Amino acid sequence: MSTTEPAFVVITGMSGAGRSTAAKALEDLGWFVIDNLPPGLLSSLAEEAGRVNVAADRVAAVVDVRSLAFTTDLNAAIKELDGRGVGVRVVFLEASDEGLVRRFENVRRPHPLQGDGRLVDGIDRERGILREIRANADLVIDTSLLNVHELRKKIVSFFGGEDRPGLKVNVVSFGYKYGMPVDADLVVDCRFLPNPHWVPELRPMNGLDAPVRDYVLGQPGAKEFLDGYEEVFGVVAAGYAREGKSYATLAVGCTGGKHRSVAMAEQLGARFRDRGMDVQVSHRDVGRE
C-alpha cells in the first residue's frame with residue numbers, strides 16, 4: 001500500500017433514489033467505482049486503491065442499506081479510515097415517499113426492506129435506519145423531481161471538470177408553494193420583495209429575463225440584502241471549509257419560484273464566483289406553473 005491513500009466517496013441513500021445512476025455517472029468520469037460494497041470492506045477498498053495508485057478523489061463505493069448493522073458498520077468504517085488519515089465524503093441520495101413508491105411500482109419490484117409488509121413500510125424502515133447517516137452526510141441530493149439525465153448532470157457538476165480546492169456551492173431557486181428543497185443547507189427567503197407576478201407585463205417572464213431582474217434588483221432593500229448575505233455566506237463558507245465540508249446547497253425562495261428567487265439566486269451565484277467559489281446555479285420550479 002502506498003504511503004498516501006486516496007480520499008474517496010461513499011454513495012448511499014434511499015433505495016430507488018438513484019444510487020446506480022450516480023455510480024454510472026462517476027464511472028463515466030473515470031472514477032473507480034464498486035457497487036453494493038459492505039461497509040466493513042471500505043478499509044480494504046482504501047488499501048487496494050492506494051496499492052494500485054488510483055488517483056486521489058477518484059474512488060467511490062455504493063453502500064447498500066440491507067445489512068441490519070448498516071449504520072453501525074458504516075460509522076465504524078468511516079471512523080477507522082479517518083483515524084488512518086483517509087478522508088471519506090458521504091453523498092446521500094434522497095427522494096420523497098411518493099416518488100419512491102412510483103419508481104418501485106414502475107419497475108414492479110418490492111422494496112428490499114418491506115418483507116411481508118407494504119412498500120411504504122419498507123421505505124419508512126429504511127428512513128429510520130438511514131437517519132443518522134443522512135444527518136452527517138457531506139452532500140444530500142434530492143432526486144424527487146429529477147430524471148436519470150438530470151441526476152447524472154448534477155453528479156457531473158459536483159464531481160466532474162477541474163479539481164478546485166474549497167467549497168462547491170449549489171445555489172437553487174424554489175417556490176415555497178411547491179415545498180422547500182429537502183437537501184438545502186441554508187435557506188434565503190426573498191418574499192420581502194414586491195412580487196413581479198402582480199405587474200401584468202412581467203408576469204409571463206421569469207427572473208432570467210432582464211426586465212424582471214431589473215425590477216427585482218431595483219426594489220428597496222434588494223442590494224442591501226445581497227451585500228449583507230454575500231458577507232454572511234463568506235463567513236459560513238470559511239467555517240464549512242475549516243470543518244471539512246466539501247459541498248453546500250443554498251436554497252433561495254419566493255412564492256412561486258419564478259421571479260424574485262430566480263433573479264436573486266443568479267446574483268448570489270455571480271457574487272460567490274467573484275469570491276473564487278465553485279458555484280452551480282439552478283432553478284427548480286421555473287416552468288412548473
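Student: How many aromatic pairs does this structure have, and what rule decides that?

Tutor: Two rings pair if their centres lie within 6.5 Å. In this predicted model, the count by that rule comes to eight aromatic pairs.

Student: How do I read the geometry of one, say Trp-31 with Phe-159?

Tutor: Look at the angle between the planes: over 60 degrees counts as edge-to-face. Trp-31 and Phe-159 have 80° between their planes and sit 5.5 Å centre to centre, so the pair is edge-to-face.

Student: Which parts of the chain does that pair tie together?

Tutor: Trp-31 is in the loop between helix 1 (19-28) and strand 2 (32-34), while Phe-159 belongs to helix 6 (residues 148-159), so the pair links parts 128 residues apart in sequence.

Student: What about Phe-192 and Phe-225?

Tutor: That pair is tilted, with 50° between the planes and 5.3 Å centre to centre. Phe-192 lies in the loop between strand 7 (186-189) and helix 7 (210-217), and Phe-225 in helix 8 (residues 222-242), so here the parts tied together are 33 residues apart in sequence. Phe-192 is partly exposed at 42% relative accessible area, and Phe-225 is partly exposed too, at 23%.

Student: Which residues form a cluster through ring pairs?

Tutor: Phe-192, Phe-225, Tyr-229, Phe-233 and Phe-272.

Student: Where does the charged end of Arg-191 sit?

Tutor: Over the ring of Tyr-176, 3.6 Å from the ring's centre.

Conventions: Residues numbered from 1 in each chain as written. Predicted model: local features only at pLDDT ≥ 70, side-chain atom pairs only at ≥ 80, totals over all residues. Heavy atoms only, no water. Phe/Tyr/Trp six-rings, centres within 6.5 Å; stacked < 30°, edge-to-face > 60°. Helix = DSSP H or I, 4+ residues; strand = E, 2+ residues; numbered from the N terminus. Buried < 20%, exposed > 50% of the residue type's maximum accessible area, 1.4 Å probe, protein only. Lys NZ or Arg CZ within 6 Å of the ring centre and 35° of its normal.
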